Amino acid sequence: MKKNILTVVVIALCLINLALSAVVVFSIVPMANRTNDLITQVASVINLELEDPNAEKIAGDVPIENRETLEPITNVSGTENMVNLKKDTESSVNHVAIYDSITLTVDKTADDYKKVIGLIASNGNYVIECVSTTLGQRTYEEIQKDSDRSKLKKDALQRLNSYFETAMICDITVNNLKYQ
């Protein structure tokens, strides 16, 4: 008789376990899936707001085989370009930057390659003006701290890509930059 009661108790516990498993499967799992979907949607919205679509082109993520270096751009007279730097608040000394020419590197696989190359060739003075303006917004100390010129390049690239309405300009070199 004890074996029959024990068998009935085990079968009853199995049925209770089966009922609770069904409750878990049909109520808790769908709720967990909806919560997971909500978290995924929120994370994707946050990522969209934080990423800049032009960041890859500005950072120079163009493969080397797709790059083309253009001829150096000089001013019309062929002389050096001199730029007055922004005055430092601590010093009353005027500082200047001098450079020879500017070399642009572009993505030759870009859709608007031919159009922008023509615009760059006919607007060389604007390229020089853009670099001069970007340099003129910096103090002598800021230029010294930016030893690899990454901030200068980034600002000039943003300005040039915005002006030419493209993202194909991937690098800029200011040739023979001297400052004092």
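**Salt bridges in the predicted model**

At a relative accessibility of 31%, Asp155 counts as partly exposed (buried means under 20% relative accessible area, exposed over 50%, and partly exposed in between, with a 1.4 Å probe and protein chains only). The structure is a predicted model, in which local features need pLDDT of at least 70 and side-chain atom pairs count only at pLDDT 80 or more, whereas totals for chains, interfaces and linings use all residues. Residues are numbered from 1 along each chain as its sequence is written, and side-chain values use heavy atoms, with hydrogens and water left out.

Asp155 forms a salt bridge with Arg138, with 2.3 Å between the closest N and O atoms (a salt bridge is a side-chain nitrogen of Lys or Arg within 4 Å of a carboxyl oxygen of Asp or Glu). Asp155 belongs to helix α6 (residues 150-163) and Arg138 to the loop between α4 (124-136) and α5 (140-145), so the pair ties together parts 17 residues apart in sequence; helices (H or I, at least four residues) and strands (E, at least two) are DSSP runs, numbered from the N terminus. Arg138 is buried, at a relative accessible area of 10%.

Another joins Asp171 and Lys153, at 3.8 Å from N to O. Because Asp171 lies in strand β5 (residues 169-175) and Lys153 in helix α6, this pair ties together parts 18 residues apart in sequence. Asp171 is partly exposed, at 21%, and Lys153 is also partly exposed, at 26%.

Glu80 and Lys178 likewise form a salt bridge, their closest N and O atoms lying 3.4 Å apart. This pair links distant parts of the chain, 98 residues apart: Glu80 is in the loop between β1 (67-69) and β2 (81-84), and Lys178 is in strand β6 (residues 178-179). Glu80 is partly exposed at 43% relative accessibility, as is Lys178 at 45%.
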